[in-house]
Amino acid sequence: SIFTTPTQVPASKKYDFIIVGAGTAGCVIAARLTEDPSVNVLLIEAGVSDNGTESATISVPLLAGSGIGTMFDWNYTSTAQSGLNGRIIPVPRGFVMGGSSSINSMIYSRGASDEYDRLADVSGDSGWSWNSLEQYRLKNEQHTPPWNNRSNVGEYNPSVHGHGPLLTGLTPTVFDADKRVIQTTVDNGAEYPFNLDFNSGNGLGFGWLQTTVGHSARSTSSSAYLHPALNSRSNLDLLLHTQVTRLVSTSGKLTFRGVQVAQTATAPQYSFNATKEVILSAGTVGTPQLLMLSGIGPSHQLKNVGVTPLLDLEDVGANLQDQSIVILQWEVTGTTLSPFLNNATAFQDALAQYAFNKTGIAAGNTVVNTIGFLRLPSNSTLLKAGDPAAGPNAPHFQFSFLVSLQSFHRFAPTTGNWMSVSIVVQSPTSRGSLNLTSSSAFVHPTINPEYYTTAFDIGTAIQAFKTLRGFLTTPAWDGFVIEPFSTVAALNTDAEIETYIRTFANSLDHPTSTAKISKITEKGGVVGPTLLVKGATGLRIVDASILPSSPAGFPQAEVYIVAERAADLIKSAWSLS
Ligand SMILES: Cc1cc2nc3c(=O)[nH]c(=O)nc-3n(C[C@H](O)[C@H](O)[C@H](O)COP(=O)(O)OP(=O)(O)OC[C@H]3O[C@@H](n4cnc5c(N)ncnc54)[C@H](O)[C@@H]3O)c2cc1C
């Protein structure tokens, strides 16, 4: 059943598990646990339904990105970022069924095998290694052809894809810039190698980008996992529009099998108890906020805002990491998406065609089709203090090739053809934090990612700029670039590039690690290898907050894979089928 107020939840019903957050991870856990008909699950989501009148914003691939800043977004902001000239920047997070998988940019890229091997290493559990996780990769996702059945032979590796509910695929439309990216790998394969599939565990090189689009629509954790379960099972209840405001200790002081909920700051509070576990899947912001509101976190900080400390865990809210994005633009010859995006009539016609028969430019991802991941040269001075990448097949920086003019801060020309390339430092060493400013769950926490506050991060971004310049002067790009956009033309010295980064960089919306995993024997960290909260009973965390570091790739695939294994760990702990 779907409930929209706490009073609708039957008082007599006993729930084995309460899951906080129907987001990327939460929907996976809810769907997998209720495969056992003996299990009853209550899934509580603060945000809204994805079935309402605005749902096209979520489902139409062309509209990806337009959910940011809307009713589907928590609309958090960062603190003033010293590394970004004091700018305060948006921190979007999904406030809707499917969570951030419903508003994200849809890129599905599992990242390097080294990333998972680091997870195994940090947690002391080989079950998290790339090789051990194969069954969960296959269980999560399946590859689908684009709506126009364009042949994509040689653009992905079918053998690394699975049979899971999440649908992924390649672009239906290829642009000139995409062909030139691939041609560069043919011409200069030693320097810029072709990578057949970024979901194969090989994290390096250039190749085709896969997105969570299948059968002409965005596939989310809600559409793939939650809706099918809600439609077919009576042992899963979803409570929407309801925020969990506190975890409640039940039988023992540090046993947290209860939750307190409310719909607004002034509405009545209600309580629900689980007989087995409470599973926190509220995300990198919501999970540490809720832990701290419940007295679980750095005691001195909790006291400052009037929360009584119950369990002193220093790492709750610490280690916040995010990848930052900076974009360069060029006017180019050849086909791009710009003429279409600058033509309001063509845009509306595309949406009408999509509404009619789910075909056309709106039916597939088109904004970015090719991508590249590279490492710094092994003799780079930036690596003298240590290599933050997870291993030799994990990248230090990334380029996404966007077939239109994309810009966060500036006026965009309305004529011409444009290409943009985004630069992302993949293994940032800057560490920030998330803190409470109030004991009320309805007051946003402070989010301070500390972008570009280390020499490694700014130095790697500058190096990536220079590498990109070299890439674009290889023969495949001859005659393509007309001229750089605006101030991009004046980026010559390191100081000029640094100023550009600090002026225009934004968040790539990949925050992680605010409740990081660690070995069971280790004092630091928030959860152990089975994702149970250290020092507590009945409480587990499954979401991006447990990742030890920002995955060099894109995080959603790793979150799905972690959630798939976590569901099995929970089933095994309680002997469920
Ligand atoms: C704009 C944007 C673009 C992105 N682009 C990409 C991309 O292209 N590729 C990629 O791999 N990753 C991308 N990401 C990141 C990726 O989507 C996230 O890392 C991932 O989805 C996080 O999953 P999660 O389960 O940790 O949290 P979420 O999916 O955010 O789920 C958390 C859920 O908990 C709910 N919740 C929070 N607090 C409470 C509470 N107290 N009570 C009840 N419910 C609560 C939230 O409303 C939400 O539904 C992007 C993210 C954003 C926001």
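This is a predicted model: local features need pLDDT of at least 70, side-chain atom pairs count only at pLDDT 80 or more; totals for chains, interfaces and linings use all residues.

1. The shell around the ligand comprises 41 residues, and the closest are Gly21, Gly23, Gly99, Gly286 and Phe554. By residue class, the shell divides into 19 nonpolar, 18 polar and four charged residues.

2. An unreviewed UniProt entry carries the annotation "binding site" for Val96, Val244, Pro555 and Gln556. These positions span 461 residues in sequence and the farthest two C-alpha atoms lie 24.5 Å apart, so the annotated residues do not all gather at one spot.

3. Of the annotated residues, Val244 is placed in strand β12. Val244 has 27 C-beta neighbours inside 10 Å and therefore counts as buried. Apart from neighbours within four places in sequence, the contacts of Val244 are Val20, Ile44, Val259, Val261 and Leu290.

4. Pro555, also annotated, belongs to helix α13. Pro555 counts as buried because 26 C-beta neighbours lie inside 10 Å. Once neighbours within four places in sequence are set aside, Pro555 is in contact with His510, Thr512 and Ala544.

5. Two of the contacts of Val244, namely Val259 and Val261, form the covered face of strand β13 (residues 258–262), whereas Gly258, Gln260 and Ala262 form the uncovered one. In a regular strand, side chains alternate between the two faces of the sheet.

6. Strand β13 pairs with two strands. It runs antiparallel to β12, to which five bridges join it, and Gly258 of β13 is the bridge partner of Val248. Strand β14 (residues 270–280) also pairs with β13 in the antiparallel sense, over four bridges; here Tyr270 in β14 stands opposite Val261.

7. How far does helix α5 reach from its first C-alpha to its last? Helix α5 (residues 176–187) has 12 residues and reaches 16 Å, close to the 16 Å expected at 1.5 Å a residue. Its buried residues are Ala177, Asp178, Arg180, Val181, Ile182, Thr184 and Thr185. The cover over these buried residues includes the strands β8 (205–208), β17 (324–332), β18 (368–374), β19 (397–402) and β20 (418–425), together with helix α11 (455–471).

Terms used. Residues are numbered from 1 along each chain as its sequence is written. A residue is near a molecule or strand if its C-beta atom, placed from the backbone, lies within 6 Å of it. Ala, Val, Leu, Ile, Met, Phe, Trp, Tyr, Cys and Pro count as nonpolar, Asp, Glu, Lys and Arg as charged, and the others, Gly among them, as polar. UniProt positions are given in the numbering used here, feature names are shortened, and annotations may be inferred rather than shown by experiment. A residue is buried if 20 or more other C-beta atoms lie within 10 Å of its own, exposed if 12 or fewer, and partly exposed in between; C-beta atoms are placed from the backbone. Two residues are in contact if their C-beta atoms, placed from the backbone, lie within 7 Å. The expected span of a helix is 1.5 Å times one less than its number of residues. Two strands pair if DSSP finds at least two bridges between them.
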